[in-house]
Amino acid sequence: MQKKKLWRVLQILISVVLVIGIFVYAIPKFADYSSVWKQITAMTWLELGSLVAATVFNLFTYWWQNMAAIPGLGMWQAAVNNQTSTSVADTIPGGGYIAVGVSYAMYRSWGFTNSAIALSVLVTGIWNIFLKLGLPVIALVLLVITGKSSAALVLAALIGLAVLVGAVVVFALVLWKKEFARSIGTKLGRVASSIRRMIRKPPVDDWEEAAVRFRRQTIDLVASRWLALTATTVVSHLALYLVLLLALRHVGVSEQEVTWAQVLGVFAFGRLVTALPITPGGLGFVELSYIGGLILAGRDHADVPSDVFHAQVAAAVLVFRTLTYGIQIPIGAFTYLIWRTKKSWLKPQPDAEPPVTAPVTAP
């Protein structure tokens with residue numbers, strides 16, 4: 001236990017050092033903050049209002065996705081659950097796993113079963129991963145059509161395509177054959193047991209049967225809600241991309257400098273960075289990848305001096321991340337209080353059912 005606490009403290013310290021290093025030393029290499037602030041304050045109230053409206057719409061798309069994944073969930077319950085768990089994931093290194101636990105506690109307090117909760121986390125996680133892997137491929141196709149592709153982008157997209165195809169094949173095999181699901185459950189159980197032995201905990205058991213149960217439940221959910229799951233997942237990613245695109249245009253980065261397809265390409269690869277649990281929500285690394293990618297995309301087409309262009313790009317990215325990352329944290333604190341005080345939503349927890357021990361993936 002002492003080693004676990006020490007490792008946790010070390011994780012936090014590494015994360016803090018990396019974030020400080022990126023914001024204090026790396027980003028100013030592209031543009032100084034005084035120039036960035038000048039670009040931000042040059043936006044009109046109408047432009048700021050449109051960004052806020054796009055951000056609010058983006059939030060709704062996440063709630064709709066949760067509602068598609070867990071039948072019977074109300075929209076405001078989805079809002080409270082999503083915003084609170086997102087806040088946890090965005091403030092703690094490796095917080096995605098803790099966020100799953102917070103989300104689980106909320107769902108249980110509202111009367112949802114273990115299997116329904118775990119299934120919703122699993123399915124939304126898979127759909128989000130599929131889209132994160134597929135978006136770079138789509139972006140590359142669009143860049144090829146618009147004549148803006150490069151060898152590096154082609155290589156990266158091909159790697160992403162290979163990983164996506166492999167993931168889809170494995171998922172399809174799990175749904176297609178019970179024996180394959182049981183085999184996957186057995187192998188994952190062995191890995192989990194090995195990890196648990198390292199921290200002096202008993203091994204897991206029955207993961208093969210849990211995998212079989214998950215297979216049946218997943219088939220039922222996907223068969224009835226695949227369209228809603230797919231539509232809400234796609235819309236949520238595109239709505240997030242829209243906030244970035246609007247931020248760029250409002251600070252003065254034109255279509256001639258960085259096209260909408262190039263922005264989508266940078267956004268697609270930046271979304272992959274968020275999957276790395278190095279810092280909470282990819283803080284620092286996401287900003288750096290967006291700024292660097294967008295400057296690289298528009299360096300030969302800028303209509304303004306390079307220092308102004310760099311400041312515009314940095315301003316757009318920081319506004320984008322403030323709206324889609326920074327503001328989410330206080331909102332999550334507020335929705336947590338709603339969960340703790342909204343007694344009318346509470347329902348008796350369902351009778352005990354077979355334990356759900358299959359691993360889940362954070363959204």
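Me: Where is Val144 found?
Reply: Val144 is in helix α6. Helices here are DSSP runs (H or I, at least four residues; strands are E, at least two), numbered from the N terminus.

Me: What kind of model is this, and how are residues numbered?
Reply: This is a predicted model, where local features need pLDDT of at least 70 and side-chain atom pairs count only at pLDDT 80 or more, while totals for chains, interfaces and linings use all residues. Residues are numbered from 1 along each chain as its sequence is written, and side-chain values use heavy atoms, with hydrogens and water left out.

Me: Back to Val144. How does it count at 49% relative accessibility?
Reply: Val144 counts as partly exposed. Buried means under 20% relative accessible area, exposed means over 50%, and partly exposed is in between (1.4 Å probe, protein chains only).

Me: How far is Val144 from Ala261?
Reply: Their C-alpha atoms are separated by 9.5 Å. Along the chain, Val144 and Ala261 are 117 residues apart.

Me: What about Ile129 and Arg271?
Reply: Ile129 is also in helix α6. Ile129 is partly exposed, with a relative accessible area of 37%. From Ile129 to Arg271 it is 9.9 Å, C-alpha to C-alpha, and 142 residues in sequence.

Me: Ala118 next. Buried or exposed?
Reply: Ala118 counts as buried, at 9% relative accessibility. Ala118 sits in helix α6 too. Ala118 and Ile70 are 48 residues apart in sequence, and their C-alpha atoms are 9.6 Å apart in space.

Me: Zoom out. How many helices and strands does the protein have?
Reply: There are 13 helices and zero strands.

Me: What share of the residues count as buried?
Reply: The protein has 363 residues, and 43% of them count as buried.

Me: And contacts along the chain, what joins what?
Reply: Take contacts (heavy atoms within 4.5 Å) between residues at least 6 apart in sequence. Of these, 75% join residues at least 24 apart.

Me: Now the inside. Which residues touch the most other members of the largest nonpolar core?
Reply: Val263, Phe267, Leu294 and Val313 do, in a core of 43 residues. A nonpolar core is a set of buried Ala, Val, Leu, Ile, Met, Phe, Trp, Tyr and Cys residues joined through side-chain atoms within 4.5 Å.

Me: Which helices each supply at least two residues of this core?
Reply: Among them are α1 (2-30), α6 (114-145) and α9 (207-250). The helix that gives the most to this core is α12, with 11 residues.

Me: What does Leu294 touch?
Reply: Leu294 touches Leu248, Val258, Val263, Val266, Phe309, Val313 and Val317. That leaves out residues up to four places away in sequence. Apart from this core lies another one, of 17 residues, including Trp63 and Met106.

Me: Switch to α2. Which residues are buried there?
Reply: Val36, Gln39 and Ile40 are buried in α2. Seen down the axis, the buried residues of α2 fall within an arc of 100°, so they line one face of the helix. The arc is that of the directions from the helix axis to the C-beta atoms.

Me: Why do residues three or four places apart point the same way?
Reply: An α-helix has 3.6 residues a turn, so residues spaced like that point the same way.

Me: What do the buried residues of α2 pack against?
Reply: They pack against α12. The face of α2 turned away from its buried side carries exposed Ser34, Trp37 and Lys38.

Me: How many salt bridges are in the whole structure?
Reply: A search finds two. A salt bridge is a side-chain nitrogen of Lys or Arg within 4 Å of a carboxyl oxygen of Asp or Glu.

Me: Which residue forms a salt bridge with Glu287?
Reply: Arg321 does, with the closest N and O atoms 2.8 Å apart. The pair links distant parts of the chain: Arg321 is in α12 and Glu287 is in α11, 34 residues apart. Arg321 counts as buried at 8% relative accessibility, and Glu287 counts as buried at 2%.

Me: And Arg249 with Glu255?
Reply: Their side chains meet in a salt bridge of 2.7 Å, N to O. Arg249 is partly exposed at 25% relative accessible area, and Glu255 is partly exposed at 36%.
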